[in-house]
Amino acid sequence: MKVARPALVLACAAMLASCGGSGSSGGGGTGVVPTPTPTATPTPTPTPTSATCALSARQDWVAAQLTEWYLFPDLLATNVNKASYPSVQSYIDALVAPARAQSRDRFFTYITSIAEENAFFEQGSSAGFGFRLAYDVAARRVAVIEAFEGAPALAQNIDRGSELLAIGTSASTLQTVSALMASGGPNAVVNALGPSDPGISRVLRVRDQTGVERQVTLTKTEFALDPVSDRFGTKIINDGGKQVGYLNLRTFIDTADPDLRAAYLSFRNAGVTELVIDLRYNGGGLISIAELMGDLMGRNLGGQVFDYITFRPSKASNNSTYRFSPTPQSIQPTRIAFITTGGSASASEMIINSMQPYLPNTALAIVGENTFGKPVGQIALDRAACDDRLRVVALRVENANRQGDYYTGLASTVPNSCRAFDDISRPLGDPAENMLATALTFLRGGTCTPITATGEARTTARLPDERGMLRRPVPDAVQEYVPGLF
(Lines give C-alpha, C1' and ligand atoms only; values in the text may rest on other atoms or scores of the structure.)
Protein backbone atom coordinates (compact mmCIF):
# COMPACT_ATOMS: atom_id res chain seq x y z
CA MET A 1 0.00 0.00 0.00
CA LYS A 2 1.20 3.50 -0.76
CA VAL A 3 1.64 5.80 2.19
CA ALA A 4 0.33 9.34 1.75
CA ARG A 5 3.04 11.97 1.86
CA PRO A 6 3.64 15.53 0.72
CA ALA A 7 3.88 16.28 -2.98
CA LEU A 8 7.55 16.57 -3.94
CA VAL A 9 9.18 18.12 -6.96
CA LEU A 10 12.56 17.56 -8.56
CA ALA A 11 13.31 19.78 -11.51
CA CYS A 12 16.03 21.53 -13.45
CA ALA A 13 15.61 25.25 -13.76
CA ALA A 14 16.74 27.24 -16.73
CA MET A 15 18.88 24.78 -18.68
CA LEU A 16 22.44 24.43 -17.49
CA ALA A 17 22.17 27.40 -15.18
CA SER A 18 19.58 26.74 -12.51
CA CYS A 19 17.59 23.83 -11.28
CA GLY A 20 14.45 23.42 -9.25
CA GLY A 21 13.74 20.50 -7.01
CA SER A 22 11.41 18.76 -4.75
CA GLY A 23 9.01 20.45 -2.52
CA SER A 24 6.53 20.22 0.22
CA SER A 25 4.74 23.45 0.45
CA GLY A 26 3.42 25.52 3.30
CA GLY A 27 4.25 28.96 4.53
CA GLY A 28 4.81 27.74 8.05
CA GLY A 29 7.45 25.27 6.91
CA THR A 30 5.43 22.26 8.01
CA GLY A 31 6.42 20.15 5.02
CA VAL A 32 2.77 19.63 4.05
CA VAL A 33 1.44 20.82 0.71
CA PRO A 34 -1.99 22.46 0.80
CA THR A 35 -4.33 21.42 -2.01
CA PRO A 36 -4.25 24.33 -4.47
CA THR A 37 -7.32 25.67 -6.19
CA PRO A 38 -7.20 24.57 -9.86
CA THR A 39 -6.73 27.46 -12.23
CA ALA A 40 -5.99 27.64 -15.93
CA THR A 41 -4.67 31.20 -15.79
CA PRO A 42 -2.24 32.24 -13.06
CA THR A 43 -3.51 34.85 -10.63
CA PRO A 44 -1.56 38.10 -11.00
CA THR A 45 1.07 38.67 -8.35
CA PRO A 46 -0.39 40.91 -5.61
CA THR A 47 0.98 44.42 -5.61
CA PRO A 48 3.22 44.70 -2.53
CA THR A 49 1.51 47.71 -0.99
CA SER A 50 1.85 46.57 2.61
CA ALA A 51 4.85 46.17 4.81
CA THR A 52 4.34 42.39 4.58
CA CYS A 53 5.42 42.40 0.94
CA ALA A 54 8.03 45.12 1.13
CA LEU A 55 11.46 43.99 -0.08
CA SER A 56 12.98 44.01 3.40
CA ALA A 57 10.19 41.86 4.86
CA ARG A 58 10.40 39.37 2.01
CA GLN A 59 14.16 39.13 2.46
CA ASP A 60 13.74 38.50 6.18
CA TRP A 61 11.24 35.73 5.47
CA VAL A 62 13.55 34.09 2.95
CA ALA A 63 16.50 34.18 5.37
CA ALA A 64 14.42 32.57 8.12
CA GLN A 65 13.29 29.74 5.83
CA LEU A 66 16.85 29.05 4.67
CA THR A 67 18.09 28.98 8.25
CA GLU A 68 15.45 26.43 9.15
CA TRP A 69 15.43 24.17 6.07
CA TYR A 70 18.59 24.49 3.96
CA LEU A 71 20.23 21.12 3.37
CA PHE A 72 23.71 22.61 3.86
CA PRO A 73 23.35 24.93 6.89
CA ASP A 74 27.12 25.20 7.26
CA LEU A 75 27.29 26.59 3.72
CA LEU A 76 25.01 29.59 4.28
CA ALA A 77 26.76 32.96 4.28
CA THR A 78 26.42 34.78 7.60
CA ASN A 79 27.84 38.19 6.71
CA VAL A 80 25.30 39.28 4.09
CA ASN A 81 23.73 42.74 4.37
CA LYS A 82 20.26 42.56 2.85
CA ALA A 83 20.27 46.30 2.16
CA SER A 84 22.99 45.73 -0.43
CA TYR A 85 20.69 43.63 -2.62
CA PRO A 86 17.93 45.14 -4.81
CA SER A 87 15.82 41.98 -5.11
CA VAL A 88 14.83 38.87 -3.20
CA GLN A 89 16.66 36.62 -5.64
CA SER A 90 19.94 38.53 -5.50
CA TYR A 91 19.79 38.28 -1.70
CA ILE A 92 19.18 34.52 -1.92
CA ASP A 93 22.13 34.21 -4.30
CA ALA A 94 24.38 35.92 -1.76
CA LEU A 95 23.18 33.72 1.12
CA VAL A 96 23.82 30.44 -0.72
CA ALA A 97 27.06 31.56 -2.42
CA PRO A 98 29.29 29.26 -0.30
CA ALA A 99 27.23 26.21 -1.35
CA ARG A 100 27.41 27.29 -4.97
CA ALA A 101 31.17 27.57 -4.72
CA GLN A 102 31.20 23.85 -3.89
CA SER A 103 28.69 23.01 -6.69
CA ARG A 104 26.11 21.94 -4.14
CA ASP A 105 23.53 24.54 -5.14
CA ARG A 106 23.93 25.63 -8.76
CA PHE A 107 21.07 28.14 -8.71
CA PHE A 108 18.74 25.49 -7.28
CA THR A 109 17.37 27.85 -4.61
CA TYR A 110 15.15 30.59 -5.96
CA ILE A 111 11.93 32.60 -5.57
CA THR A 112 9.02 32.04 -7.97
CA SER A 113 5.26 32.50 -8.30
CA ILE A 114 2.84 30.22 -6.47
CA ALA A 115 0.05 30.75 -9.00
CA GLU A 116 2.18 30.21 -12.10
CA GLU A 117 3.80 27.09 -10.74
CA ASN A 118 0.52 25.53 -9.58
CA ALA A 119 -1.06 26.18 -12.98
CA PHE A 120 1.85 24.44 -14.69
CA PHE A 121 2.02 21.37 -12.44
CA GLU A 122 -1.72 20.78 -12.36
CA GLN A 123 -2.58 21.45 -15.99
CA GLY A 124 0.61 22.13 -17.93
CA SER A 125 -0.61 25.70 -18.34
CA SER A 126 1.79 27.94 -20.22
CA ALA A 127 1.73 31.10 -22.30
CA GLY A 128 3.92 31.60 -25.33
CA PHE A 129 4.59 30.67 -28.94
CA GLY A 130 4.99 27.03 -27.96
CA PHE A 131 8.44 26.13 -29.20
CA ARG A 132 11.68 25.15 -27.49
CA LEU A 133 14.74 27.04 -28.73
CA ALA A 134 18.48 26.34 -28.72
CA TYR A 135 21.22 28.81 -29.58
CA ASP A 136 24.68 28.64 -31.12
CA VAL A 137 26.95 31.48 -30.03
CA ALA A 138 29.71 30.90 -32.57
CA ALA A 139 27.41 30.68 -35.59
CA ARG A 140 24.94 33.28 -34.21
CA ARG A 141 21.97 31.03 -34.81
CA VAL A 142 18.79 30.00 -33.01
CA ALA A 143 16.89 26.85 -33.94
CA VAL A 144 13.65 25.16 -32.94
CA ILE A 145 14.38 21.81 -31.32
CA GLU A 146 10.80 20.99 -30.35
CA ALA A 147 7.30 22.38 -30.95
CA PHE A 148 4.27 21.77 -28.75
CA GLU A 149 0.84 20.67 -29.87
CA GLY A 150 -2.01 23.16 -29.50
CA ALA A 151 0.36 26.15 -29.54
CA PRO A 152 0.81 28.91 -32.15
CA ALA A 153 4.19 27.84 -33.59
CA LEU A 154 3.18 24.34 -34.64
CA ALA A 155 -0.08 25.68 -36.05
CA GLN A 156 2.11 27.73 -38.43
CA ASN A 157 4.18 24.64 -39.30
CA ILE A 158 7.18 25.80 -37.27
CA ASP A 159 8.60 22.55 -35.93
CA ARG A 160 11.82 20.80 -34.95
CA GLY A 161 14.61 21.79 -37.32
CA SER A 162 13.18 25.20 -38.24
CA GLU A 163 15.54 28.13 -37.75
CA LEU A 164 14.69 31.66 -36.60
CA LEU A 165 16.31 34.16 -38.95
CA ALA A 166 14.79 37.47 -37.83
CA ILE A 167 12.47 38.82 -35.12
CA GLY A 168 10.47 42.05 -34.94
CA THR A 169 7.37 43.65 -33.51
CA SER A 170 6.34 44.31 -37.13
CA ALA A 171 7.66 43.58 -40.61
CA SER A 172 9.40 46.97 -40.65
CA THR A 173 11.27 46.36 -37.37
CA LEU A 174 12.73 42.94 -38.14
CA GLN A 175 16.22 42.38 -36.75
CA THR A 176 18.25 39.40 -37.86
CA VAL A 177 19.09 36.79 -35.26
CA SER A 178 22.71 37.01 -36.38
CA ALA A 179 22.79 40.75 -35.59
CA LEU A 180 21.02 40.25 -32.25
CA MET A 181 23.50 37.54 -31.25
CA ALA A 182 26.43 39.71 -32.33
CA SER A 183 25.24 42.71 -30.34
CA GLY A 184 23.88 41.10 -27.17
CA GLY A 185 24.23 37.34 -27.35
CA PRO A 186 21.32 35.04 -26.43
CA ASN A 187 19.79 37.67 -24.11
CA ALA A 188 19.22 39.98 -27.07
CA VAL A 189 17.19 37.24 -28.75
CA VAL A 190 15.24 36.67 -25.53
CA ASN A 191 14.44 40.38 -25.32
CA ALA A 192 13.38 40.49 -28.97
CA LEU A 193 10.92 37.64 -28.39
CA GLY A 194 9.21 39.69 -25.68
CA PRO A 195 7.59 38.77 -22.36
CA SER A 196 5.63 35.54 -21.96
CA ASP A 197 2.25 37.27 -21.77
CA PRO A 198 -0.82 36.25 -23.78
CA GLY A 199 -1.48 38.65 -26.65
CA ILE A 200 2.17 39.53 -27.32
CA SER A 201 2.82 39.27 -31.08
CA ARG A 202 6.03 39.02 -33.04
CA VAL A 203 6.82 38.85 -36.73
CA LEU A 204 9.35 36.09 -37.44
CA ARG A 205 11.32 35.20 -40.52
CA VAL A 206 11.97 31.47 -40.41
CA ARG A 207 13.69 28.86 -42.52
CA ASP A 208 11.92 25.53 -42.62
CA GLN A 209 13.67 22.18 -42.74
CA THR A 210 13.13 22.12 -46.49
CA GLY A 211 15.17 25.34 -46.80
CA VAL A 212 12.16 27.52 -47.60
CA GLU A 213 12.21 30.95 -45.96
CA ARG A 214 8.96 32.68 -45.00
CA GLN A 215 7.60 35.40 -42.76
CA VAL A 216 4.93 34.65 -40.15
CA THR A 217 3.18 36.50 -37.34
CA LEU A 218 2.77 34.62 -34.06
CA THR A 219 0.75 35.70 -31.04
CA LYS A 220 1.49 34.26 -27.61
CA THR A 221 -1.46 32.37 -26.16
CA GLU A 222 -2.23 30.10 -23.24
CA PHE A 223 -1.82 26.41 -24.06
CA ALA A 224 -1.67 23.16 -22.13
CA LEU A 225 1.65 21.37 -22.49
CA ASP A 226 1.17 17.67 -23.25
CA PRO A 227 3.87 15.79 -21.29
CA VAL A 228 3.78 12.84 -23.74
CA SER A 229 3.31 14.03 -27.30
CA ASP A 230 0.53 12.45 -29.33
CA ARG A 231 2.81 12.75 -32.36
CA PHE A 232 5.95 10.98 -31.17
CA GLY A 233 5.70 10.43 -27.42
CA THR A 234 5.03 6.69 -27.48
CA LYS A 235 6.05 4.20 -30.15
CA ILE A 236 6.73 0.51 -30.53
CA ILE A 237 9.68 0.21 -32.89
CA ASN A 238 10.27 -2.96 -34.89
CA ASP A 239 14.04 -3.23 -34.68
CA GLY A 240 15.03 -6.18 -36.84
CA GLY A 241 12.06 -8.21 -35.65
CA LYS A 242 12.40 -7.20 -31.99
CA GLN A 243 9.77 -4.95 -30.43
CA VAL A 244 11.31 -1.98 -28.61
CA GLY A 245 9.23 0.47 -26.59
CA TYR A 246 10.05 4.16 -27.10
CA LEU A 247 8.81 6.80 -24.64
CA ASN A 248 9.54 10.52 -24.83
CA LEU A 249 8.61 12.30 -21.59
CA ARG A 250 8.79 16.08 -21.73
CA THR A 251 8.20 16.86 -18.05
CA PHE A 252 6.99 15.26 -14.82
CA ILE A 253 3.60 16.91 -14.19
CA ASP A 254 0.22 15.59 -13.00
CA THR A 255 -1.20 15.22 -16.49
CA ALA A 256 1.58 12.74 -17.37
CA ASP A 257 -0.12 10.09 -15.21
CA PRO A 258 -2.71 8.80 -17.73
CA ASP A 259 -0.25 9.14 -20.64
CA LEU A 260 2.37 7.03 -18.87
CA ARG A 261 -0.13 4.36 -17.87
CA ALA A 262 -1.38 4.16 -21.47
CA ALA A 263 2.18 3.97 -22.83
CA TYR A 264 3.25 1.13 -20.57
CA LEU A 265 -0.01 -0.75 -21.15
CA SER A 266 0.74 -0.65 -24.88
CA PHE A 267 4.24 -1.96 -24.15
CA ARG A 268 2.86 -4.72 -21.94
CA ASN A 269 0.27 -5.78 -24.51
CA ALA A 270 2.99 -5.96 -27.17
CA GLY A 271 5.30 -8.03 -24.96
CA VAL A 272 7.93 -5.27 -24.84
CA THR A 273 10.84 -5.83 -22.44
CA GLU A 274 13.45 -3.48 -23.97
CA LEU A 275 12.96 0.27 -23.68
CA VAL A 276 14.32 3.56 -24.94
CA ILE A 277 13.25 6.33 -22.55
CA ASP A 278 13.91 9.74 -24.08
CA LEU A 279 14.56 12.39 -21.41
CA ARG A 280 16.85 14.59 -23.52
CA TYR A 281 15.13 17.89 -22.66
CA ASN A 282 13.40 16.84 -19.44
CA GLY A 283 14.36 19.16 -16.59
CA GLY A 284 12.29 17.24 -14.03
CA GLY A 285 9.09 17.85 -12.09
CA LEU A 286 6.96 15.94 -9.63
CA ILE A 287 8.59 13.08 -7.72
CA SER A 288 5.21 11.35 -7.56
CA ILE A 289 5.26 11.02 -11.36
CA ALA A 290 8.84 9.72 -11.27
CA GLU A 291 7.76 7.13 -8.71
CA LEU A 292 4.78 6.16 -10.87
CA MET A 293 7.20 5.63 -13.73
CA GLY A 294 9.24 3.38 -11.45
CA ASP A 295 6.10 1.41 -10.59
CA LEU A 296 5.38 0.98 -14.31
CA MET A 297 8.84 -0.59 -14.73
CA GLY A 298 8.63 -2.65 -11.53
CA ARG A 299 6.25 -5.49 -12.33
CA ASN A 300 8.56 -7.89 -10.47
CA LEU A 301 9.80 -5.44 -7.81
CA GLY A 302 6.83 -4.90 -5.52
CA GLY A 303 7.92 -3.83 -2.03
CA GLN A 304 11.54 -3.14 -2.97
CA VAL A 305 13.06 0.31 -2.51
CA PHE A 306 12.81 2.79 -5.37
CA ASP A 307 14.15 5.86 -3.57
CA TYR A 308 15.20 7.33 -0.24
CA ILE A 309 14.45 11.00 0.49
CA THR A 310 16.73 12.39 3.24
CA PHE A 311 16.62 15.81 4.92
CA ARG A 312 19.23 17.44 7.19
CA PRO A 313 19.49 15.84 10.67
CA SER A 314 17.28 18.45 12.35
CA LYS A 315 14.50 17.66 9.86
CA ALA A 316 14.93 13.88 9.79
CA SER A 317 11.27 13.39 10.69
CA ASN A 318 10.53 14.30 7.05
CA ASN A 319 12.69 11.46 5.66
CA SER A 320 10.83 8.92 3.56
CA THR A 321 11.27 5.71 1.59
CA TYR A 322 9.29 4.86 -1.54
CA ARG A 323 8.83 1.22 -2.52
CA PHE A 324 7.78 -0.10 -5.91
CA SER A 325 4.03 -0.61 -6.17
CA PRO A 326 3.25 -2.36 -9.50
CA THR A 327 0.12 -1.40 -11.43
CA PRO A 328 -1.98 -3.33 -13.98
CA GLN A 329 0.07 -1.58 -16.69
CA SER A 330 3.51 -2.49 -15.29
CA ILE A 331 6.16 -4.30 -17.29
CA GLN A 332 9.40 -6.05 -16.39
CA PRO A 333 12.14 -4.45 -18.53
CA THR A 334 15.29 -6.42 -19.26
CA ARG A 335 17.25 -3.62 -20.95
CA ILE A 336 16.84 0.17 -20.87
CA ALA A 337 18.59 2.93 -22.80
CA PHE A 338 17.94 6.42 -21.41
CA ILE A 339 18.49 9.29 -23.86
CA THR A 340 19.94 12.27 -21.97
CA THR A 341 21.61 15.66 -22.39
CA GLY A 342 22.83 18.36 -20.04
CA GLY A 343 19.18 19.40 -19.79
CA SER A 344 18.17 16.04 -18.28
CA ALA A 345 18.04 16.70 -14.56
CA SER A 346 16.58 15.95 -11.17
CA ALA A 347 13.52 13.70 -11.58
CA SER A 348 14.98 12.45 -14.87
CA GLU A 349 18.25 11.55 -13.15
CA MET A 350 16.34 10.06 -10.23
CA ILE A 351 14.58 7.56 -12.54
CA ILE A 352 17.89 6.40 -14.00
CA ASN A 353 19.65 6.21 -10.65
CA SER A 354 16.77 4.35 -9.00
CA MET A 355 16.57 1.69 -11.74
CA GLN A 356 20.31 0.90 -11.64
CA PRO A 357 20.19 -1.57 -8.72
CA TYR A 358 17.63 -3.73 -10.51
CA LEU A 359 19.23 -4.30 -13.92
CA PRO A 360 22.48 -6.10 -14.80
CA ASN A 361 25.42 -3.82 -15.52
CA THR A 362 25.22 -4.64 -19.23
CA ALA A 363 21.51 -3.78 -19.43
CA LEU A 364 21.33 -0.06 -18.62
CA ALA A 365 22.94 2.95 -20.31
CA ILE A 366 22.61 6.66 -20.84
CA VAL A 367 22.85 7.69 -24.49
CA GLY A 368 23.62 11.15 -25.82
CA GLU A 369 25.35 13.43 -23.31
CA ASN A 370 26.09 13.54 -19.62
CA THR A 371 23.19 14.61 -17.42
CA PHE A 372 23.03 17.87 -15.46
CA GLY A 373 23.99 16.49 -12.04
CA LYS A 374 21.35 17.34 -9.46
CA PRO A 375 20.94 14.72 -6.70
CA VAL A 376 19.25 17.22 -4.36
CA GLY A 377 15.75 18.61 -4.22
CA GLN A 378 13.78 21.41 -2.68
CA ILE A 379 10.78 21.95 -0.55
CA ALA A 380 8.48 24.75 -1.61
CA LEU A 381 7.68 27.27 1.09
CA ASP A 382 4.85 29.69 0.34
CA ARG A 383 4.04 33.23 1.39
CA ALA A 384 0.64 33.55 -0.23
CA ALA A 385 0.12 37.25 0.50
CA CYS A 386 3.00 38.07 -1.84
CA ASP A 387 2.55 35.16 -4.30
CA ASP A 388 6.05 34.10 -3.21
CA ARG A 389 7.13 30.49 -3.41
CA LEU A 390 10.64 29.84 -2.13
CA ARG A 391 12.18 26.70 -3.52
CA VAL A 392 15.00 25.86 -1.17
CA VAL A 393 17.40 22.92 -1.41
CA ALA A 394 16.39 20.78 1.54
CA LEU A 395 16.81 17.10 0.66
CA ARG A 396 18.95 14.55 -1.14
CA VAL A 397 17.74 11.64 -3.26
CA GLU A 398 19.34 8.17 -3.19
CA ASN A 399 18.58 4.80 -4.76
CA ALA A 400 18.16 1.44 -3.01
CA ASN A 401 21.95 1.09 -2.71
CA ARG A 402 22.16 4.54 -1.08
CA GLN A 403 23.86 5.90 -4.21
CA GLY A 404 23.51 9.65 -4.80
CA ASP A 405 25.73 12.73 -4.87
CA TYR A 406 26.09 12.62 -8.67
CA TYR A 407 26.84 16.34 -8.84
CA THR A 408 28.93 15.86 -12.00
CA GLY A 409 26.14 13.99 -13.78
CA LEU A 410 25.40 10.29 -14.16
CA ALA A 411 28.10 9.50 -16.73
CA SER A 412 30.48 8.57 -13.92
CA THR A 413 27.97 6.32 -12.10
CA VAL A 414 26.01 4.41 -14.77
CA PRO A 415 27.55 1.12 -15.97
CA ASN A 416 27.37 2.08 -19.67
CA SER A 417 27.16 5.25 -21.71
CA CYS A 418 27.11 6.03 -25.43
CA ARG A 419 27.90 9.45 -26.86
CA ALA A 420 25.53 10.72 -29.55
CA PHE A 421 24.40 14.08 -30.92
CA ASP A 422 20.89 15.49 -31.07
CA ASP A 423 20.09 15.42 -34.79
CA ILE A 424 17.41 18.05 -35.24
CA SER A 425 17.30 17.34 -38.97
CA ARG A 426 15.11 14.37 -38.02
CA PRO A 427 11.91 14.24 -35.94
CA LEU A 428 11.94 13.02 -32.37
CA GLY A 429 11.04 9.33 -32.31
CA ASP A 430 12.60 8.67 -35.74
CA PRO A 431 14.72 5.48 -35.43
CA ALA A 432 17.27 7.11 -37.77
CA GLU A 433 17.75 10.15 -35.48
CA ASN A 434 21.27 9.90 -34.08
CA MET A 435 20.48 9.61 -30.36
CA LEU A 436 17.66 7.10 -30.88
CA ALA A 437 19.70 5.13 -33.43
CA THR A 438 22.58 4.90 -30.95
CA ALA A 439 20.20 3.78 -28.20
CA LEU A 440 18.89 0.99 -30.43
CA THR A 441 22.49 -0.03 -31.18
CA PHE A 442 23.14 -0.36 -27.43
CA LEU A 443 20.03 -2.51 -26.97
CA ARG A 444 21.29 -4.80 -29.75
CA GLY A 445 24.57 -5.23 -27.88
CA GLY A 446 26.57 -3.01 -30.22
CA THR A 447 29.60 -0.92 -29.27
CA CYS A 448 29.69 2.84 -28.82
CA THR A 449 31.89 5.72 -27.65
CA PRO A 450 31.47 6.35 -23.90
CA ILE A 451 30.38 9.74 -22.56
CA THR A 452 32.98 11.49 -20.43
CA ALA A 453 31.71 12.99 -17.21
CA THR A 454 33.47 16.27 -17.95
CA GLY A 455 32.77 16.37 -21.69
CA GLU A 456 31.15 19.53 -23.01
CA ALA A 457 27.60 19.07 -24.27
CA ARG A 458 26.98 19.23 -28.02
CA THR A 459 23.28 19.20 -28.72
CA THR A 460 22.50 19.37 -32.45
CA ALA A 461 23.81 18.47 -35.85
CA ARG A 462 22.50 21.73 -37.30
CA LEU A 463 24.15 23.67 -34.48
CA PRO A 464 27.62 22.12 -34.09
CA ASP A 465 28.79 24.69 -31.50
CA GLU A 466 25.66 24.49 -29.38
CA ARG A 467 25.90 26.24 -26.02
CA GLY A 468 22.49 25.50 -24.54
CA MET A 469 18.80 26.16 -24.64
CA LEU A 470 17.63 29.74 -24.82
CA ARG A 471 16.58 31.05 -21.42
CA ARG A 472 15.47 34.20 -19.68
CA PRO A 473 17.98 35.68 -17.20
CA VAL A 474 15.26 35.20 -14.58
CA PRO A 475 13.16 32.29 -15.85
CA ASP A 476 9.43 32.15 -15.21
CA ALA A 477 7.83 29.21 -13.43
CA VAL A 478 7.33 27.23 -16.64
CA GLN A 479 10.90 27.69 -17.91
CA GLU A 480 12.15 26.31 -14.62
CA TYR A 481 10.72 22.92 -15.63
CA VAL A 482 10.67 23.09 -19.44
CA PRO A 483 14.05 24.59 -20.39
CA GLY A 484 14.10 26.56 -23.65
CA LEU A 485 10.32 27.04 -23.86
CA PHE A 486 9.11 30.33 -25.39
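In strand E20 (residues 388-398), Leu-395 is the bridge partner of Phe-311, a residue of strand E15 (residues 305-311). The model is a predicted one, in which local features need pLDDT of at least 70 and side-chain atom pairs count only at pLDDT 80 or more, while totals for chains, interfaces and linings use all residues. Residues are numbered from 1 along each chain as its sequence is written, and side-chain values use heavy atoms, with hydrogens and water left out. Helices (H or I, at least four residues) and strands (E, at least two) are DSSP runs numbered from the N terminus, and two strands pair if DSSP finds at least two bridges between them.

E15 and E20 are antiparallel, with 4 bridges. Strand E2 (residues 110-113) also runs antiparallel to E20, again through 4 bridges, and Tyr-110 has Arg-391 as its bridge partner there. With strand E19 (residues 376-383), E20 makes 8 antiparallel bridges, and Asp-382 faces Arg-389 across this pairing. E19 and E20 form a hairpin with 4 residues between them, where Asp-387 in the turn has a positive phi of about 55°. Of the 11 residues of E20, 10 are buried (under 20% relative accessible area with a 1.4 Å probe, protein chains only; exposed is over 50% and partly exposed lies in between).

Phe-311 leads on to the aromatic residues. A search of the whole structure finds 10 aromatic pairs, counted when the ring centres of Phe, Tyr and Trp (its six-membered ring) lie within 6.5 Å; planes under 30 degrees apart are stacked, over 60 edge-to-face and the rest tilted. Trp-69 and Phe-311 form an edge-to-face pair, with 6.3 Å from centre to centre and 65° between the planes. Because Trp-69 belongs to helix H1 (residues 55-69) and Phe-311 to E15, the pair ties together parts that are 242 residues apart in sequence. Both Trp-69 and Phe-311 are buried. One aromatic cluster is formed by Phe-306, Tyr-322, Phe-324 and Tyr-358.

H1 also packs against helix H2 (residues 88-95), at an angle of about 35° and with the axes 10 Å apart (axes are lines fitted to C-alpha atoms, for helices over the stretch in contact, and angles run from 0 to 180 degrees between N-to-C directions). Among the residues that meet are Val-62 and Leu-66 in H1 and Tyr-91 and Ile-92 in H2.

A further region to visit is an open sheet of 6 strands, ordered E11-E12-E13-E17-E18-E21, with mixed pairing. Strand E11 (234-239) and strand E21 (417-419) stand at the edges with a single partner strand each, so one side of each is left without a neighbour in the sheet. From one strand to the next, the twist averages 20°. Within this sheet, strand E13 (residues 274-278) and strand E17 (residues 335-340) run parallel and are joined by 5 bridges, with Glu-274 opposite Arg-335. Helix H10 (residues 434-443) packs on the sheet and touches E11, strand E12 (242-248), E13, E17, strand E18 (364-368) and E21, its direction making about 155° with that of E17.

Over the chain as a whole there are 11 helices and 22 strands, and 57% of the 486 residues count as buried. Of the contacts (heavy atoms within 4.5 Å) with a separation of 6 or more, 74% are between residues 24 or more positions apart.
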